[in-house]
Amino acid sequence: MKKLFIFTLTLFFYSNIESQNNLSFSGDLQISGQTFQEDSSIGAEKREPNLNSYLNLYLGYKDYLKIGTRLELYKNPIPGFEEYEGEGIAHKFIQFQKWNLDVTIGNFYDQFGSGVLFRSYFDPNLGVDNSVNGARIKYRLSSGIDLMAIIGKQRNYWEQGEGVIKGFDAQIYLNDYIFKKSETTISLGGSFVTKYQKDNDPFFILPENVGAWSGRMNISKGRWNFESEYAYKINDPSFTNNYIYKNGNSLILSGSYSKKGLGLVLSGKRVDNMNFRSDRDATLQQLNINFLTSLNKQQSYSLATIYPYVTQPNGEIGIQFDCFYKIPKKSSLGGKYGTELNLNFSNCFTINKTNPSDSELIEQPGTLGYESNFLEFGNDKLFQEINIGIKKKINKKLKLHTTYINVFNNDKILKAQKVLEGEEHEKIFSNIFILESEYKIKSRYTVKSEIQHLQTKQHFGNWGMGLIEANLKNFFFSIQDLYNYGNPISPTHYYSITTGFIKNSHRVELRYGKVRAGLFCVGGICREVPASNGFSINITSSF
Amino acid sequence: MDLVLILQVLFDMIKNNIYIIFFFLFSLSCDKISAPFTEGCLNCCGDSENQKPIKTILIEEFTGHKCSNCPNGTRIIENIIDTYCDHVVVLACHPFNQDFTSPNESGPLATDFRTTQTTEIAEEFGFWGFPSALLNRINNGEFFQPFELNTEIHNLLFDENNNPIPPDLDIKISVSSGSDPIITSAPIVTSIEIEKLNELNGEYKLAVVVSEDFIVSGQYDGNELIEDYEHNHVYRSAINGTWGELIDLTEKTIVKHYDLINPNEINDISNCTIVAYVYNNETNEIIQAAKKKIDLFEQL
């Protein structure tokens with residue numbers, strides 16, 4: 001692979017002499033650094049300053065050949081990222097695209113359908129990089145039929161996972177063949193993925209080849225759209241499912257209606273034993289082959305991110321309803337500019353699990369694990385969230401956005417939150433109130449403020465938050481304080497000051513302040529963030 | 001040769017063989033396993049009563065009664081005991097300074113299993129979380145996840161041809177009552193006899209520990225609080241200190257005697273076991289372990 005990469009590079013530069021006009025060069029860069037000083041008031045430890053950075057470089061020849069690489073550097077990474085310590089080429093590929101054919105050799109990111117069987121992606125903030133190093137072929141067989149096949153091993157920090165994954169996906173747009181004149185469009189898709197890992201265990205009889213398949217359908221007509229995907233995985237005993245041999249399955253259904261000023265989405269999912277990794281002993285964010293879609297609102301307000309929901313691949317069932325409505329302009333309720341309303345409701349329960357036999361415990365290693373009635377909910381609600389938002393433009397300069405969020409987080413079961421010494425995980429009920437305002441001084445000069453309050457009788461008690469942010473053309477500046485005034489041990493401030501500069505696609509940010517310990521989540525995938533106090537710098541640039 | 005020509009040849013090769021490539025990738029297979037899902041390990045179950053000494057390893061299982069995943073780790077270790085029997089000695093360690101081990105003031109989780117010795121061991125070897133285990137303190141005290149133990153244990157006990165690896169030492173433990181065995185407050189004398197079987201270089205230490213079985217107390221198991229969970233192999237106290245004492249292996253046989261005064265932490269002395277192990281003072285690796293259940297009536 002390395003030789004092929006060098007060979008292609010040589011060809012590129014040879015070609016470069018003859019035809020420089022056919023070459024294109026692009027890339028992007030991120031540099032993040034932070035200092036850590038001891039702060040006993042928030043439990044922050046003193047650590048050596050860290051530096052996380054990467055540089056993507058892409059070289060293209062005409063429109064059909066592209067090579068790329070990513071250099072990464074991690075110096076003194078924070079807990080949870082320790083295994084990334086070091087530097088080197090973490091990603092490299094050669095891609096050819098011509099004649100309905102797309103061939104990639106090297107590292108690549110992609111997904112089949114919603115990702116329930118296969119999704120590889122890069123999220124440096126979460127510490128996720130499960131790129132596949134191998135080969136990918138995409139081929140448009142004819143109009144409306146797309147095929148994709150993959151083979152390779154996944155990235156595991158600076159090494160590769162032990163397992164080999166192979167996959168095949170087909171997507172067919174039926175209207176290209178039948179129902180050509182129909183207003184209803186239908187597409188069907190199917191995927192098959194296997195992983196191979198040798199069985200070296202002297203005790204368990206482990207499947208060396210674990211296969212999974214899925215089928216999906218998308219129907220849309222006018223303002224209506226319906227999507228579904230069902231996936232099935234055969235016995236896959238692993239650390240995350242406690243070495244049980246039960247088959248896994250997952251169903252996602254989603255229906256939506258949209259027209260100008262109104263959008264409705266109702267979704268539901270059920271996941272049963274669908275953790276799928278290319279190494280059966282992998283943990284945390286290591287070597288995930290698939291991605292289980294999160295069905296709850298992705299929060300960005302700081303207090304609304306304190307009690308996030310962590311996707312439960314071993315079993316969950318839930319729904320989400322999202323409604324957007326804009327009260328028309330110049331109506332009595334809408335006012336001069338109209339008023340935007342948003343309602344979001346989501347919940348998640350455990351799935352029903354019963355003993356596979358009288359002599360075996362639920363999830364006992366080396367057994368089928370459990371039986372589950374597909375339509376029956378488990379006994380415990382894991383999470384529920386109600387979001388109500390109103391956005392109102394008062395005049396040409398002032399916009400207001402108010403939000404109420406009611407959260408139930410069953411940390412007694414999820415056990416995702418840090419607890420105080422001697423305390424136990426508990427069910428957390430909280431109410432969050434947010435008022436955000438944005439005042440436009442003139443073009444590209446705005447001042448934004450946020451006031452947030454989180455009320456709860458559990459865990460660390462009540463929080464308040466105040467933020468003032470000014471965007472002055474290319475400069476930005478903000479002051480924020482999160483105040484955990486209900487903390488049962490001692491009220492704690494988490495203040496921070498941020499300033500920075502944005503020019504075209506370049507951004508520099510400097511920050512000083514305290515960061516609370518907690519979970520950082522994107523789409524239900526979470527990682528723990530330790531408390532810290534110090535300076536940080538973030539630089540992003542693309543060219 | 002022009003780059004475009006090379007690429008065209010390459011593309012033609014791929015395009016002409018695209019169905020073969022997809023067929024190759026589509027030749028995906030699955031292994032469906034039917035019960036039983038475990039396989040027996042022939043001759044894995046050692047017999048300590050046999051005259052011939054067998055190699056015995058120590059698993060220091062780090063666990064906590066509020067750790068909901070820990071019973072799964074314990075079940076894996078119980079499977080290991082079923083497989084390797086007398087080849088394995090287990091100590092369940094409940095260190096201080098951990099949310100998962102702290103006792104409640106009352107209720108089913110009020111039992112305090114914590115010991116300063118297990119805390120010192122955790123700190124010395126860089127304990128990172130529950131459930132995990134030290135296996136003979138190999139790799140300078142690496143904490144393994146329970147599912148990683150099986151393969152490592154097999155490699156410690158058996159060679160490439162699956163023949164048992166002989167021990168370097170034999171440890172024999174005997175327990176006798178200093179006076180009246182019925183009076184449990186009377187000192188119990190533990191004698192440890194170490195016989196050297198192979199020449200050994202370096203410094204070695206002997207550590208002697210008391211563990212206790214059948215303690216009924218609360219334990220989180222998954223989402224459930226089991227109020228009458230049976231805690232076994234619980235590390236209760238160190239007879240000769242957390243790190244034991246140096247032994248002189250220039251002699252072929254060494255005998256040590258220790259008085260065991262019923263310590264306060266122990267619920268029931270008749271459920272206790274004496275565990276002894278010898279380790280290399282430089283590498284920390286345990287080279288042999290042994291256990292002996294305290295049976296007061298055996299002394300009558």
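Colleague: How many helices and strands make up the secondary structure of chain A?

Modeller: In this predicted model, chain A comes to 2 helices and 28 strands.

Colleague: What makes β16 and β17 of chain A a pair?

Modeller: Pairing needs at least two bridges, and 11 bridges join β16 (residues 315-327) to β17 (residues 339-351) in chain A, so they count as paired. These two strands run antiparallel. For a spot to look at, find A:Lys326, which stands opposite A:Glu340 in β17(A).

Colleague: Which strand does β17(A) pair with over 12 bridges?

Modeller: That is β18 (residues 377-393) of chain A, again in the antiparallel sense. There, A:Phe349 has A:Lys381 in β18(A) as its bridge partner.

Colleague: How do you know whether the radius of gyration of chain A agrees with that of a compact globule?

Modeller: A compact globule of 543 residues would have a radius of gyration near 24 Å, and chain A has 25 Å, so the two agree. Along its principal axes, the C-alpha trace of chain A spans about 75 × 60 × 55 Å. As for burial, 32% of the 543 residues of chain A count as buried.

Colleague: Over to chain B. Why are α3(B) and α6(B) called roughly parallel?

Modeller: Angles under 35 degrees count as roughly parallel. The axes of α3 (residues 70-84) and α6 (residues 149-157) of chain B cross at roughly 30° and come within 11 Å. The two helices are therefore roughly parallel to each other. The contact is made by B:Ile76, B:Ile80 and B:Tyr84 of α3(B), together with B:Leu149, B:Asn150, B:Ile153 and B:Leu157 of α6(B). The crossing is right-handed.

Colleague: Which residues of chain B does a cis peptide bond join?

Modeller: B:Phe130 and B:Pro131, with omega at about -20°. You will find B:Pro131 in the loop between α4 (116-125) and β3 (132-135) of chain B.

Colleague: Why does A:Lys62 count as partly exposed?

Modeller: Buried takes 20 or more neighbours and exposed 12 or fewer; A:Lys62 has 17 C-beta neighbours inside 10 Å, so it counts as partly exposed.

Terms used: Residues are numbered from 1 along each chain as its sequence is written. Chains are lettered from A and ligands numbered from 1 in the order in which they are written. This is a predicted model: local features need pLDDT of at least 70, side-chain atom pairs count only at pLDDT 80 or more; totals for chains, interfaces and linings use all residues. Helices (H or I, at least four residues) and strands (E, at least two) are DSSP runs, numbered from the N terminus. The radius of gyration is taken over C-alpha atoms; the globule rule is 2.2 Å times the number of residues to the power 0.38. Axes are lines fitted to C-alpha atoms, for helices over the stretch in contact, and angles run from 0 to 180 degrees between N-to-C directions. Angles under 35 degrees count as roughly parallel, over 145 as roughly antiparallel, 65 to 115 as roughly perpendicular and the rest as oblique. A crossing is left-handed if the near helix is turned anticlockwise from the far one by less than a right angle, and right-handed if clockwise. Two residues are in contact if their C-beta atoms, placed from the backbone, lie within 7 Å.
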